[in-house]
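This briefing is intended for a reader meeting the structure for the first time. Please view the sequence and the model together before reading on.

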Amino acid sequence: MDKEETYKAHVMVLPHHGQGHMNPMVQFSKRLAAKGIKITVTTTLSNTMAMEEEAASGDHGSINFESIYDDPSEGGVAGPGGFGGFLERFEAIGSTNLVHLIKKFQDSNNPVKCLIYDANIAWASNVASELAIARASFFTQSCAFVAGCYPMHCDLAGVTPAIPPLSITTGFPELRLPHLPSLGPQTGRYPPIMRFMLRQFDNSENADWVLFNSFHKLEEEVINWMSGLWPVRAIGPTLPSSYLDNRVKDDHDYGFNIITPDAGACSKWLDSKAKRSVVYVSFGSAFSLSSEQAAEVANALLHSSKNFLWVVKPSEEDRLPTNFTSDRGLVVTWCPQLAVLGHEAVGCFVSHCGWNSTLEAISLGVPVVAMPQFLDQITNAHFVEHVWKVGIKPKIDDEGFCRSEEIEACIEMIMQGERSREIQTNLCRWRALAKEAVDEGGTSDTCIDEIIAKLSTL
């Protein structure tokens, strides 16, 4: 039988362009593909080319990649108008090309039955509506952060909340906003970055499913509340299968990196270190520390007695203190984070608490020193310390910095101090629940099976 006739359904997947958006949606695509769904991932041309190189090595199996926007020619985030200009061009050109791409499959053996789109790409819902196919909005932040933003969405839209806002916890910290002037001038109560974030809620009530890269036990109270708004499904953690359940063949890595990782050097160095003796430091793909904060981190690492592996992107190298060296440390421009967090030598993760990094640390059992910088990172760090109790957040001084003494004290407390045993106990529990969620019959796996069963009938 022709292979094209064996698929249960054909799904188009549209991630946002950033690494933190691409990887969880591609991982979810792998889960669907492993269960008989034909997957076409569509994104910018540069991302498509990068993913096709990985696919050629076998990392993405039967997933196909198609471009709907030629960012090298039309202009990416560094093009005219900055990030805001890119978003406008991506919507204008990408939406037209997406319609054409979906229509291209209409007369094939596998017409597209569903569009799964990053919630940040709110216009994709209109495309699905125009073509009369099912739609799923995929949020790449935690359920807790999205729940916290819901009242702001209602305020901006001038509507009454459909259900009373959720009071997550007492003492919840105020959001800090990044400086992104290229998104446009300040208009009204909400700055441009917040108005962009709140667009994620557009058309959510029309989605067949609202998907979250989380698992039910981790955010149970929030997910139960949110289910009163939308058809919410927790389908995570979307880590490569080899780190959780080993049910997806040859799924060992995400496969998309903004910088080529120095995997060999990291592995060799970690292999030479004792169990739980290394502090791993990384602030993610989208954020760079200021020179002053980088100096505080550097001093904390130098004064600590611990070995450290620090990811310093090329854009950050000039922010390190002059002649920063240590025989206890390894500084790299990028690393395979999952492999690092999964290495037995790593005993602590100094993190910005982006959602992917937070979920990876929890799923792999690594305690966190939480140093959030803005937006959802603030929410995630609060939950890391006060709800899941798998880490500690250093105090911030009046100038808005985590000082070296605070960072060093948190590292010591987590790795061998009074909080170490409690945090390790909590991590063991959450790690087991993360694995249980994606195991056959687990809550996340059941959600995926439900979606596939519905798609098979369309």
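The model is predicted: local features require a pLDDT of at least 70 and side-chain atom pairs count only at pLDDT 80 or more, while totals for chains, interfaces and linings use all residues. Residues are numbered from 1 along each chain as its sequence is written, and side-chain values use heavy atoms, with hydrogens and water left out.

**Confidence**

- The average pLDDT (the predictor's confidence in each residue, from 0 to 100) is 89 for the protein, and 91% of the residues score at least 70.
- Helices (H or I, at least four residues) and strands (E, at least two) are DSSP runs, numbered from the N terminus.
- Among these elements, the lowest mean pLDDT, 73, belongs to helix H7 (residues 192-198), and the highest, 98, to strand S12 (residues 368-370).
- Where pLDDT is low, the predicted coordinates should not be read in detail.

**Helix H13**

- The end C-alpha atoms of helix H13 (residues 376-387) are 15 Å apart, which agrees with the 16 Å that its twelve residues should span at 1.5 Å a residue; the expected span is 1.5 Å times one less than the number of residues.
- Ten of the twelve residues of H13 are buried, so the helix is largely enclosed by the rest of the structure. Buried means under 20% relative accessible area, exposed over 50%, and partly exposed in between (1.4 Å probe, protein chains only).
- The buried residues of H13 include Asp 376, Ile 378, His 382 and Phe 383.
- Their cover includes helix H6 (143-157), helix H12 (355-364), S12 and strand S13 (391-392).

**Nonpolar cores**

- A nonpolar core is a set of buried Ala, Val, Leu, Ile, Met, Phe, Trp, Tyr and Cys residues joined through side-chain atoms within 4.5 Å.
- In the largest core, of 124 residues, Leu 14, Met 226, Leu 309 and Trp 310 touch the most other members. H6 provides the largest share of this core, nine residues.
- A second, separate core has 29 residues, including Phe 138 and Trp 209.
- Leaving aside residues up to four places away in sequence, Trp 310 has contacts (heavy atoms within 4.5 Å) with Val 281, Phe 324 and Val 332, among others.

**Salt bridges**

- The whole structure holds 18 salt bridges, each a side-chain nitrogen of Lys or Arg within 4 Å of a carboxyl oxygen of Asp or Glu.
- Asp 445 counts as buried because its relative accessibility is 4%.
- Glu 412 and Lys 306 form a salt bridge with their closest N and O atoms 3.0 Å apart. Glu 412 lies in helix H14 (residues 404-416) and Lys 306 in the loop between helix H10 (291-303) and strand S9 (307-311), so the pair ties together parts that are 106 residues apart in sequence.
- Both Glu 412 and Lys 306 are buried.

**The open sheet**

- Six strands form an open sheet with parallel pairing, in the order S10-S9-S8-S11-S12-S13; two strands pair if DSSP finds at least two bridges between them.
- Strand S10 (329-332) and S13 are the edge strands, each pairing on one side only.
- Four bridges join S9 and S10 in the parallel sense, and Phe 308 stands opposite Gly 329 in S10.
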